[in-house]
Amino acid sequence: MRTIPEIQEVMTAVPQCIEFDRPLREARSLFRDLNIRHLPVTSGERFVGVLSDRDLRVAEVIEERSKQVLTAGDACVTDAYVVEPDTSLDVVVREMSRGRYGSAIVASAGEVLGIFTTVDACREFSDFLKGRSFSA
């Protein structure tokens, strides 16, 4: 029988982050260049929120209409789902499902250590299924 891993074993470690005061155009470039959909937002080393590609698209419309330059901090969600690195994967996946979160930020003492997204969850589930025997 397999043991359930801790989130730190399956997260994307040391993800790209963006400072809260950086303009949205920089966030857009990171999303495009890195082919990502979630970006932790920081102030120095401290986590302050997460910016999703959907949040970014909405903020870009507001920015265009208001003729103001918005920042990553203006557009990010500050009540993101944050877990400690030793949290069990099943707990994280269950809460992501219940809360309809697209990502979980893995942090300790406010410092971002990693990110776990729905894409990561699908990868882990695929790996689980590969190791399972099915009867006809």
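Modeller: Take Val83 and its bridge partner: that partner is Val106, in strand 6. Bear in mind that this is a predicted model. Strand 5, residues 82–83, and strand 6 pair over two bridges, in the parallel sense. How does the chain get from strand 5 to strand 6? The path goes through helix 4, residues 89–99. This β-α-β crossover is right-handed.

Now strand 6 itself. Is strand 6 largely enclosed or largely open? Strand 6 covers residues 103–108, and five of these six residues are buried. Strand 6 is therefore largely enclosed by the rest of the structure. The cut-off for buried is under 20% relative accessible area.

Next comes strand 7, residues 111–117. Strand 6 and strand 7 run antiparallel, joined by six bridges. Within this pairing, Ile105 faces Ile115 of strand 7. The two strands form a hairpin, with two residues between them. Look at the turn: Ala109 sits there, with a positive phi of about 55°.

His38 lies in strand 3, residues 38–43. Is His38 buried or exposed? His38 counts as buried, because its relative accessibility is 15%, and the limit is 20%. Set aside its neighbours within four places in sequence, and His38 still contacts Phe31, Val50, Leu51, Ser52, Gly102, Ser103, Ile115 and Thr117.

Step back to the whole chain. There are five helices and seven strands. Along the sequence they follow the pattern β-β-α-β-β-α-α-β-α-β-β-α. The C-alpha trace spans about 60 × 35 × 25 Å along its principal axes. Of the 136 residues, 35% are buried. Consider contacts between residues at least 6 apart in sequence: 56% of them join residues at least 24 apart.

Last, surface and charge. The accessible surface of the chain is about 8600 Å², and carbon and sulfur atoms account for 51% of that. The chain carries 17 positive and 22 negative charges, and their mean positions are 8 Å apart.

Definitions and conventions
Residues are numbered from 1 along each chain as its sequence is written. This is a predicted model: local features need pLDDT of at least 70, side-chain atom pairs count only at pLDDT 80 or more; totals for chains, interfaces and linings use all residues. Side-chain values use heavy atoms; hydrogens and water are left out. Buried means under 20% relative accessible area, exposed over 50%, partly exposed in between (1.4 Å probe, protein chains only). Helices (H or I, at least four residues) and strands (E, at least two) are DSSP runs, numbered from the N terminus. Two strands pair if DSSP finds at least two bridges between them. A crossover is right-handed if, with the strands pointing away from the viewer, the path from the first strand over the helix to the second runs clockwise. Contact means heavy atoms within 4.5 Å. Accessible areas come from the Shrake-Rupley method with a 1.4 Å probe; for residues, only the protein chains shown count as cover. Lys and Arg count as positive and Asp and Glu as negative; His and the chain ends are not counted. The place of a charge is taken as NZ of Lys, CZ of Arg, CG of Asp or CD of Glu.
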